[in-house]
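Please look over the structure below.

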Amino acid sequence: MSVKRLLTVAASAAAVAALFSPVSSASATALDAGSRATATAQLASGDGYLHVYTQPYGGGRECKWSGNSDNWGSCRNLTSDIWNNGYAGGLDAVDLYTAPNGGGAHACISQGDRWYDTTTGNYRFTYGAGLDQFGKSVNNNISSHRWVDYCSQG
């Protein structure tokens with residue numbers, strides 16, 4: 001076989017190998033990073049709602065609001081999963097109150113946060129020292145909410 005023919009066969013074999021070889025780990029990492037960035041952007045953009053579920057991990061009945069609510073109606077004191085999927089920007093945090101009309105102690109959930117299982121007792125009313133239900137678990141204990149600019153000790 002001539003050198004020219006040998007080089008042509010080798011070049012063809014290399015081209016075929018490159019065409020059918022798996023994606024390199026560097027390329028795969030770049031693709032994964034792009035997918036993660038897209039998912040993060042979608043989460044950050046939100047759908048404008050506060051979603052709550054009567055059972056942990058999205059189980060049971062769902063209630064959702066795009067604005068303030070003075071009385072949670074059928075989800076009042078029956079919430080075990082809370083997701084703030086509001087729009088990023090002003091009025092994107094949510095104060096959760098123990099009593100109707102924004103009364104009693106409250107907890108605050110930031111935009112994009114989700115408390116999948118409030119039955120654990122890890123989520124508590126930490127704002128409003130001295131008010132009714134201060135320090136108690138939020139599980140099955142929320143009656144109303146207000147959209148606010150940020151979570152603060154107020």
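What follows covers the disulfides in turn and then the histidine. The model is a predicted one. A search of the whole structure turns up two disulfides. Counting the bonded cysteines of the protein in sequence order, they pair 1-2, 3-4.

**Disulfide Cys63–Cys75**

- Cys63 and Cys75 are joined by a disulfide, with 2.0 Å between their sulfur atoms.
- The link of Cys63 and Cys75 is right-handed, with 85° about the S-S bond.
- Cys63 sits in strand E2, residues 59–65, while Cys75 sits in the loop between E2 and strand E3 (81–85), so the bond ties together parts twelve residues apart in sequence.
- Cys63 has 11% relative accessibility and therefore counts as buried, the cut-off being under 20%.
- Cys75 is also buried, at 0% relative accessibility.

**Disulfide Cys108–Cys151**

- Cys108 and Cys151 form a disulfide, and their sulfur atoms lie 2.0 Å apart.
- The torsion about the S-S bond of Cys108 and Cys151 is about -75°, so this disulfide is left-handed.
- The pair connects distant parts of the chain, 43 residues apart.
- Cys108 belongs to strand E5, residues 103–109, and Cys151 to the segment after strand E7, residues 144–148.
- Cys108 is buried, because its relative accessible area is 11%.
- Cys151 has 25% relative accessibility, so Cys151 counts as partly exposed; that class runs between the buried limit of 20% and the exposed limit of 50%.

**Handedness, side by side**

- The Cys63–Cys75 link is right-handed, whereas the Cys108–Cys151 link is left-handed.

**His145**

- His145 is part of strand E7.
- Its relative accessibility is 0%, so His145 counts as buried.
- A polar atom of the His145 side chain lies 2.8 Å from the backbone oxygen of Gly67.
- Gly67 is also among the residues in contact with His145, once neighbours within four places in sequence are left aside.
- On that basis, His145 is in contact with Leu50, Trp65, Asn68, Ser69 and Trp72, among others.
- The contacts of His145 also include Val94, Asp95, Leu96 and Tyr97.

**Where the topics meet**

- Trp65, one of the contacts of His145, falls in strand E2 (59–65), the strand that holds Cys63.
- Strand E7 contains His145, and the segment after strand E7 contains Cys151.

Notes. Residues numbered from 1 in each chain as written. Predicted model: local features only at pLDDT ≥ 70, side-chain atom pairs only at ≥ 80, totals over all residues. Heavy atoms only, no water. Disulfide = S-S within 2.5 Å. Helix = DSSP H or I, 4+ residues; strand = E, 2+ residues; numbered from the N terminus. Buried < 20%, exposed > 50% of the residue type's maximum accessible area, 1.4 Å probe, protein only. Polar contact = N/O pair within 3.5 Å; in protein donor to acceptor, adjacent residues only side chain to side chain. Contact = heavy atoms within 4.5 Å.
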